[in-house]
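Have a look at it first, then read on.

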Amino acid sequence: MGSNAGGFDFGLCKRNTMLENKGMTLPRAWKTGTTIAGLIFKDGVVLGADTRSTAGTTVADKNCSKIHFITPNIYACGAGTAADLEHVTDMVSGQLALHKYATGRQARCITAMTMFKQHLFKYQGHVGAALVLGGYDINGPHLFTIYPHGSTDALPFATMGSGSLNAMAMFEAYYKDDMDRAEAMALVARGIRCARVVYVPVIKQKVLLLKDLEVVEGTPEQMDVS
Amino acid sequence: MAMSIPVALGTSIMAVTFNGGVILGADSRTSTGNYVANRVTDKITPLCDNVYVLRSGSAGDTQAIAGYVQHFISQFQAEEGERITVKTAANLVKTIAYNNKDNLEAGMIVAGFDKHGGGQVFSISLGGTLQQAPFAMSGSGSSYITGFVDKNWRDNMSEQEAMDFVMRSLKYAMTWDASSGGCIRTVTITEAGVDRRFTQGSQIPPTYGELGRDKILA
């Protein structure tokens, strides 16, 4: 393997360590505290995410979008390092746009998953992107979780991010196969809501329904169907 | 969130030859630290129609290796015009594991059926050692059942006996190992083809020896 065969150039790491030892505080990458979730229902897949982006204990963006466009029929929710997520989702989105012209076909969710996992594995976990990838293609609805080290799982319902355990508790309690659209959206919203930090009164949630590409925004109270 | 902890397959996997083929069995737990990331994992991955691999170790590493080997085998079969042998498939896995030993954490068992050698099991451990054996087991849960397996393994079992052996062994491994659990998946490969089965966790009660739950609880 050559010295510049791709991957990161770690040449300045020694210098940075030396500066840190001399007392300088180096800037840290933004890592969002996040809750993202996805759920397969009878006719498709629902993806959900909270909208808070944090830099330490300050809220950097009150209404950021964590559900990233990949292709018209595939979206990915992202948790982890904000810059890595933006770049890796933009990259796969571009690759799939070219792929569509090359093949003459609509993109498949599993193709997006393979592109993500091969990129993340190559960088051995240093690209901090954890994704819930959902889509609807010729083979039906799909939902995948993708971890920074490049492993993937195919699941009927999935959560990721710092609030994932809270949201998963809701899903494990109330998920059933073949839910209808309203039920599925309500359960995803409920899961995201459970993961919010208690002392903040209102968090706006975006729930994106894939099959009809309808975006629904609302406050927790409005989202509560039950 | 423990995302910096790599996703690992703390695992119980085993493969057993019997009179007519092989049975591969695995638990279904994938953990990130103490959180179970996937409780219904399928650790039995097809490399081609007649050869499957059981994965333990780092989830990302084993999925990447399986992906490369699936690709090489499909190229091989297109060029050769005939089915790959289990031994060749196992060697492809070994070559990747051995040549990248500094950067991988993968313990795999390759098993399948071909018309030259019948059912075969090959174990590939962390450094890339390839060993053929009549049966093999791997993963964190396997250390709890070495005694049981030594006592109960017999050569030339029937398919039903081999299935019972795999199910019982995995049941004990999943009971005692914290990193193994969920459900039991099995794949039986014979000349006739491949048969996949799934046993739910609720149907694998933890027991003390062969005592039922009702006898243990007061």
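Is A:Glu183 buried, exposed or partly exposed? A:Glu183 is partly exposed, with a relative accessible area of 31%. On this scale buried means under 20% relative accessible area, exposed over 50%, and partly exposed in between, using a 1.4 Å probe and protein chains only.

Some ground rules before going further. This is a predicted model, where local features need pLDDT of at least 70 and side-chain atom pairs count only at pLDDT 80 or more, while totals for chains, interfaces and linings use all residues. Residues are numbered from 1 along each chain as its sequence is written, chains are lettered from A and ligands numbered from 1 in the order in which they are written, and side-chain values use heavy atoms, with hydrogens and water left out.

**Chain A overall**

Chain A has six helices and 13 strands. These are DSSP runs numbered from the N terminus: H or I of at least four residues for helices, E of at least two for strands. Of its 226 residues, 48% count as buried. Take the contacts in chain A with a separation of 6 or more, a contact being heavy atoms within 4.5 Å: 58% of them come from residues 24 or more positions apart.

**Helix α2 of chain A**

Helix α2(A) covers residues 82–103, and its 22 residues should span 32 Å at 1.5 Å a residue, which agrees with the 31 Å between its end C-alpha atoms. (The expected span is 1.5 Å times one less than the number of residues.) Its buried residues are A:Leu85, A:Val88, A:Thr89, A:Val92, A:Ser93 and A:Leu96. Seen down the axis, they fall within an arc of 135°, so they line one face of the helix; the arc is taken from the directions from the helix axis to the C-beta atoms. An α-helix has 3.6 residues a turn, so residues three or four places apart point the same way.

What covers that buried side? The cover includes β6 (67–71), β7 (74–81), α3 (109–122) and β8 (129–137) of chain A. On the face turned away from the buried side sit the exposed residues A:His87, A:Asp90, A:Leu98, A:Tyr101 and A:Ala102. Just after the helix, A:Gly104 takes a positive phi of about 75°.

**A lysine without a partner**

A:Lys117 lies in helix α3 of chain A. A:Lys117 is buried yet has no salt bridge, and the nearest side chain of opposite charge, A:Asp153, is 8.8 Å away. For charges, Lys and Arg count as positive and Asp and Glu as negative, with His and the chain ends not counted. Leaving aside neighbours within four places in sequence, A:Lys117 is in contact with A:Gly150, A:Thr152 and, from the other chain, B:Gln63.

**Where the chains meet**

Across the interface, 23 residues of chain A are in contact with 18 residues of chain B. The area buried between them is about 1,600 Å², of which carbon and sulfur atoms give 59%. In chain A, A:Phe121, A:Tyr147 and A:His149 lose the most area to chain B, together 30% of what that side buries. Buried area here is the accessible area (1.4 Å probe) that two parts lose on being put together, summed over both.

**Salt bridges**

A salt bridge is a side-chain nitrogen of Lys or Arg within 4 Å of a carboxyl oxygen of Asp or Glu.

| Pair | Closest N and O atoms |
|---|---|
| B:Arg39 and A:Glu172 | 2.5 Å |
| A:Glu183 and A:Lys176 | 2.4 Å |
| B:Asp27 and B:Lys43 | 3.0 Å |
| B:Arg197 and B:Asp195 | 3.0 Å |

The opening residue, A:Glu183, pairs with A:Lys176, and A:Lys176 counts as partly exposed at 44% relative accessibility. B:Asp27 is buried, with a relative accessible area of 0%, and B:Lys43 is buried at 0% too.

**A buried valine in chain B**

B:Val22 lies in strand β3 of chain B and is buried, with a relative accessible area of 0%. B:Val22 and B:Gln120 are 98 residues apart along the chain, but their C-alpha atoms are separated by 6.7 Å. Not counting residues up to four places away in sequence, B:Val22 touches several others, including B:Val16, B:Ala111, B:Gly119 and B:Ile189.
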